[in-house]
Amino acid sequence: MNRYWSAIPILVLVTLLSCSGDQAQFRKLADQLYAAKDWNGPLPPKTFKTDGCSICPDHDWVECCIEHDLAYWMGGTREERKEADIRLKECVGEKGHVISGHIMYWGVRIGGVWWLPTPFRWGFGWEYPQSGPPDKSY
């Protein structure tokens with residue numbers, strides 16, 4: 001039984017390494033996705049940043065995560081947040097990872113609430129506690 005427990009640190013290390021993506025790659029993809037958006041209304045005062053898929057591996061669905069980060073940076077209404085979370089789940093599912101999409105969906109629904117002052121909350125491009133453009137916040 002002890003030999004199985006000794007494998008846990010190795011699994012944790014592999015998991016953490018798989019979560020650390022190439023920031024230059026994320027920045028390039030984020031810049032492309034940002035430029036492709038048709039932004040209406042005021043933009044957040046904070047510069048857009050992304051870390052890819054945060055605590056999930058940056059698999060072939062990393063573009064889905066960056067799109068989701070763009071939506072979370074911009075913020076808006078509760079309905080827009082739910083739509084962004086559903087789009088993330090569907091995008092990951094379309095890449096062939098339906099179960100991962102569902103797990104990610106519930107992770108962002110629980111952890112991405114606007115009222116926690118985290119750097120990944122809904123509307124993180126705005127000063128806390130604002131969660132979106134002045135005319136669209138909660």
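**Notebook: pockets, a helix pair and confidence**

I began with the largest pocket, where H6 gives the largest share of the lining, five residues. This is a predicted model, and I read every entry below with that in mind.

Entry 1, largest pocket. I looked up its volume, which comes to about 700 Å³. I then listed the lining: 28 residues, with Asp51, Ser54, Asp69, Val108 and Phe120 lying nearest the centre. H4 and helix H6 (98–111) are the elements that give two or more residues to this lining. Sorted by class, I have 14 nonpolar, nine polar and five charged residues around the largest pocket.

I noted a volume of about 500 Å³ for the second largest pocket. Of its 23 lining residues, Lys37, Trp39, Ala71, Met74 and Arg87 are the closest to the centre. I find that H4 and H5 each supply at least two residues of this lining.

How do helix H4 and helix H5 run relative to each other, roughly parallel or roughly antiparallel? I took the axes of H4 (residues 62–74) and H5 (residues 78–94), which come within 9 Å and cross at roughly 175 degrees. An angle over 145 degrees counts as roughly antiparallel, and H4 and H5 are therefore roughly antiparallel to each other. From H4, I listed Cys64, Cys65, His68, Ala71 and Tyr72; they meet Arg81, Ala84, Asp85, Arg87, Leu88, Cys91 and Val92 in H5. By class, this contact has eight nonpolar, one polar and three charged residues. Ala71 of H4 and Arg87 of H5 are both in this contact, and I had already met both among the residues closest to the centre of the second largest pocket.

I checked tyrosine 128 and proline 129, and a cis peptide bond joins them, with omega about 10 degrees. Most peptide bonds are trans, which is my reason for logging this one. I placed proline 129 in the segment after H6.

The protein chain averages a pLDDT of 84, and 81% of the residues score at least 70.

Methods
Residues numbered from 1 in each chain as written. Predicted model: local features only at pLDDT ≥ 70, side-chain atom pairs only at ≥ 80, totals over all residues. Heavy atoms only, no water. Axes fitted to C-alpha atoms, helices over the stretch in contact; angles between N-to-C directions. Helix = DSSP H or I, 4+ residues; strand = E, 2+ residues; numbered from the N terminus. Parallel < 35°, antiparallel > 145°, perpendicular 65-115°, else oblique. Contact = heavy atoms within 4.5 Å. Nonpolar A, V, L, I, M, F, W, Y, C, P; charged D, E, K, R; others polar. 1 Å grid on protein atoms, 1.4 Å probe; cavity = no way out; pocket = protein on both sides within 12 Å on 5 of 7 lines; lining within 4 Å. Points joined across faces, edges and corners; volume = space filled by probe spheres on them. pLDDT = per-residue confidence, 0-100.
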